[in-house]
Amino acid sequence: MIPRWFYPLGLIAVCLALVPFAVVAKLRATKSPDPRPQIIWDMDQGYAYQSQQPNALFRDGRAMRPEVNGTVARGELRADDHMYRGKVNGEFATTFPPGIEVNRAMLARGKERYEVFCLPCHGYTGAGDGIVSQRADALQQGTWIPPISYHSDELRNRPAGHIFNTISNGIRTMPAYGLQVKVEDRWAIVAYIRALQRSQNATIDDVPANLRDKLR
Amino acid sequence: MSDKKSKSFQFPKWLNTIRPHLALGALVGPVYLIVLIYYAWSPQTTMVGYQPVQPVPYSHALHAGELGIDCQYCHYTVTEGAHASIPPTQVCMNCHASIWTESPKLLKVRESFATGMPIPWVRVHDLPAFVQFDHSAHVTRGVGCESCHGRVDKMEVVFQDKKLSMAWCLECHRAPEVNLRPPEFATAMGWAPNEDPAVFGARFAAENNLNPREDCSTCHY
C-alpha cells in the first residue's frame, strides 16, 4: 500500500519546485543594487586597466595618469597663438585662424556643438534664457548670475579671438569649456555665435532683394 | 543467514506500486533543472536591472530629462572614442559652483573639486575585458543611446536596461534596421521616424552603407 503521506508530500514538493521560479521571476522584475553573482569568472576581468578605472597605487586613485606638469605630449604642442589662444601679437584676433575655414558645414557643426554645450544657459538665440538659467533663477538662491545676452553692441564688437578665449577659459562667472570642447569646435561655435548675432540684429538690407517681397 | 537479512535495509514494498511516479520524476527532474538554469542564468535575469547605489544622488531624470541637457555635455567623448567618459567633477561645478552651492546632496562633489580626488562613481555597464566595444562606431553611424541604454532620461538612478550579452550584440548586428536613426538624433530620447522604422532603417542602412560585422575579430581581438 502507498502510505497516506505520499500524495500530500508529493504535492508539497511540486509546490516547492515552483519557488525557485518565483524567486527568479522576482529578480527579473526588480532592480538590484548588488552585482550579479558570478560563479565562473571566465576571463571577465583582465589585469590591464580600462579607461577611468581606479588604481590604488596612485594617490589620486586614477589609473589614467594626467599629464605631468610642465611637459608637452607628442602632437600637443600648441605654439600657434592664433589657433589655440585666439591671439595675434598679444591682442585678441579679429579673424579666424588660417587653418580654420568658415563654411556651411562648419556653421552646422558650430550649431550642433552650441546646442550641446551652450544652450542650457544661453538659450537658442543667445538671449541668456536657457532652461538651466531659468531654473536657477526660479530657485532664488542668490548665487546665480544669469548669462548676458549676445545681442548688445559690446558683444557684437567682441573680437572672434575674445569669444574663443571665453569658451576656452571662461569669463567672470562663466565656467571654462576648454575641457569639453575641442579647439576646432570652439572656432565653429564662434562662427555660429556670429551668425546668431547677425540673425537677431538683421535689417531689411540683409535680405536679398529678390526675396524682400516675401517678407511683406 | 536469515538473521543478517532482517538487519539489512530493505526498500519498502509499496515502492513497487509507485514505479510509474518515479519514472515520471526521473523524466521531469532533468527537464525542470534545465529550464530553471536556462531561466535563472539568462542575462535577462543576471544582467538586466543592475542599479548600483551611487556616491552622489545625481539624477539623469532631472538633468537629461527635465533640463534637457544633451548627453554629450557630460559624456563628451562618446562620438570620438571607444569609451563614453564619465564626467570629471569640473563638469558638475560648471553649474554647481553657482546652483545649490550649499546643498548637502552635493557635498561630495564640492569635496572632490577641492581635493582633486575623483568622485567614486560605481560602474553600471561593464563588458568583460575580452570584448572590444566602441561607442563612436555606433553613435556616429546611427545607433542611438536609447537602443542600448534605454530611457536614461527617465532614470533617477542609472540601471542596466539591456542584456549586453553576445547574443544581444549579434541580434542587432544581424538586423540593425529597427534601431537606426540619423546620427544627429543619436542622443535624442524617444525618437522615431515618421514612417515604419524597419522601412526607414533599411533605406538608411543602404544609403550609408551600414554593414555591421559578425566575425569574431570584430569584437574579440
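Predicted model: local features only at pLDDT ≥ 70, side-chain atom pairs only at ≥ 80, totals over all residues.
User: What is the phi of Trp100(B), and is Trp100(B) buried, exposed or partly exposed?

Analyst: Phi of Trp100(B) is near 55 degrees, which is a positive value in a residue other than glycine. Trp100(B) has a relative accessible area of 41% and is therefore partly exposed, since buried means under 20%, exposed over 50% and partly exposed in between, with a 1.4 Å probe and protein chains only.

User: Where is Asn209(B) found, and why does Asn209(B) count as buried or exposed?

Analyst: Asn209(B) is found in the loop between α11 (197-207) and α12 of chain B, and phi of Asn209(B), a residue other than glycine, is likewise positive and near 55 degrees. Asn209(B) counts as exposed because its relative accessibility is 62%. In chain A, Asn69(A) lies in the loop between α1 and α2 and is also exposed, with a relative accessible area of 75%. Asn69(A) and Gln200(A) are 131 residues apart in sequence, and their C-alpha atoms are 44 Å apart in space.

User: Which residues does Ser147(B) touch, beyond those up to four places away in sequence?

Analyst: Contact means heavy atoms within 4.5 Å, and on that reading Ser147(B) touches Lys162(B), Trp168(B) and Asn179(B). Ser147(B) sits in helix α9 (residues 145-149) of chain B and is buried, because its relative accessible area is 17%. Val157(B) is ten residues from Ser147(B) along the chain, and the C-alpha atoms of the two are separated by 18 Å.

User: Where is Ser42(B) found, and what is in contact with Ser42(B) when neighbours within four places in sequence are left aside?

Analyst: Ser42(B) is found in the loop between α2 and α3 of chain B, where Ser42(B) counts as buried because its relative accessibility is 14%. The contacts of Ser42(B), leaving aside neighbours within four places in sequence, are Arg28(A) and Ile37(B).

User: How far apart are the end C-alpha atoms of helix α8 of chain A, and what do its buried residues pack against?

Analyst: The expected span of a helix is 1.5 Å times one less than its number of residues. Helix α8 (residues 183-200) of chain A has 18 residues and should span 26 Å, and its end C-alpha atoms are 26 Å apart, which agrees. Buried residues of α8(A) include Val183(A), Trp187(A), Ile193(A) and Leu196(A), and the buried residues of α8(A) pack against α2 (81-85), α3 (104-117), α6 (153-156) and α7 (160-169) of chain A.

User: How is chain B divided into domains?

Analyst: Chain B is divided into domain 1 (13-45) and domain 2 (47-86 + 121-219), with bounds from an automatic or database domain assignment. The centres of domain 1 and domain 2 of chain B, taken over C-alpha atoms, are 40 Å apart.

Technical notes: Residues numbered from 1 in each chain as written. Chains lettered and ligands numbered in written order. Heavy atoms only, no water. Helix = DSSP H or I, 4+ residues; strand = E, 2+ residues; numbered from the N terminus.
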